[in-house]
Amino acid sequence: MILHQILSGKTQTLTDLSTVINAHDGLILIGDGCYQISNRKLTAMTSNIFARTQDVDCRGLANLAQEIDLKLINDAEWVGLTLRFNKVVSWK
């Protein structure tokens, strides 16, 4: 199981990720990666989707996050996620 950390708002990032992610992997949106919330490909990849609350709020995306039932987490929970998954991969 891999935790994929999305740090970019570029649509190509999710296109590239879609070729390697599986349903058991996790995905966390960090920083500008939170702009991916509006990308319809996101929810088709995995049901384990998270985002940092602070990053979502700073970008005014809280309503969109609620619409797709995104799990908002704080920094301590983020650290817990990195320990729960076997590997962590960052996408820029």
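Tutor: Here is a dialogue about the labels, taken one at a time. Keep in mind that this is a predicted model.

Student: What makes S1 and S2 paired strands?

Tutor: Two strands pair if there are at least two bridges between them. S1 (residues 2-6) and S2 have 4 bridges and run in the parallel sense. So by the rule of at least two bridges, they pair. In S2, Leu27 is the bridge partner of His4.

Student: Which strand pairs with S1 besides that, and how do you know?

Tutor: S5 is joined to S1 by 5 bridges, and the two run parallel. His4 stands opposite Val89 in S5.

Student: How do you know that S3 belongs with its neighbours?

Tutor: Count the bridges again. S2 and S3 (residues 49-52) pair over 3 bridges in the parallel sense. Leu27 stands opposite Ile49 in S3, and Ile28 stands opposite Phe50. S3 and S4 run parallel too, joined by 3 bridges. There, Ala51 stands opposite Leu72 of S4.

Student: What order do the strands take in the sheet?

Tutor: The order is S4-S3-S2-S1-S5, an open sheet of 5 strands with parallel pairing.

Student: Why are S4 and S5 called edge strands?

Tutor: S4 (71-73) and S5 (87-91) each have a single partner strand, so one side of each has no neighbour in the sheet. On average, neighbouring strands of this sheet are turned by 25 degrees against each other, direction ignored.

Student: Which helix packs on the sheet, and which strands does it touch?

Tutor: Helix H5 (residues 75-84) packs there, touching S1, S2, S3, S4 and S5. The direction of H5 makes about 110 degrees with that of S4.

Student: What makes a β-α-β unit here, and what is its hand?

Tutor: The unit consists of S1, helix H1 (residues 11-17) and S2, and it is right-handed. For that label, point the strands away from you: the path from the first strand over the helix to the second must run clockwise.

Student: How do you know that both faces of S2 are covered?

Tutor: Look at each side of S2 (residues 26-29). Gly26 and Ile28 lie on one side, Leu27 and Leu29 on the other, and all are buried. Buried means under 20% relative accessible area. S3 is covered on both faces as well: Ile49 and Ala51 are buried on one side, Phe50 and Arg52 on the other. In a regular strand the side chains alternate between the two faces of the sheet.

Student: What makes Gly9 partly exposed?

Tutor: Gly9 has 32% relative accessibility, so it counts as partly exposed. That label covers values in between the buried and exposed limits. Gly9 is in the loop between S1 and H1. Leaving aside neighbours within four places in sequence, Gly9 is in contact with Asp32, Gly33, Tyr35 and Gln36.

Student: What makes a group of residues a nonpolar core?

Tutor: The members are buried nonpolar residues joined through side-chain atoms within 4.5 Å. The largest such core has 17 residues. Those with the most contacts inside it include Leu17, Cys34, Ile37 and Val56. H1, S2, helix H2 (41-45) and S3 each give two or more residues to this core. A second, separate core of 7 residues includes Leu3, Ile28, Phe50 and Leu81.

Student: Which residues does Ile37 contact?

Tutor: Leaving aside neighbours within four places in sequence, the contacts of Ile37 include Leu29, Leu42, Val56 and Leu70.

How values were computed. Residues are numbered from 1 along each chain as its sequence is written. This is a predicted model: local features need pLDDT of at least 70, side-chain atom pairs count only at pLDDT 80 or more; totals for chains, interfaces and linings use all residues. Side-chain values use heavy atoms; hydrogens and water are left out. Buried means under 20% relative accessible area, exposed over 50%, partly exposed in between (1.4 Å probe, protein chains only). Axes are lines fitted to C-alpha atoms, for helices over the stretch in contact, and angles run from 0 to 180 degrees between N-to-C directions. Contact means heavy atoms within 4.5 Å.
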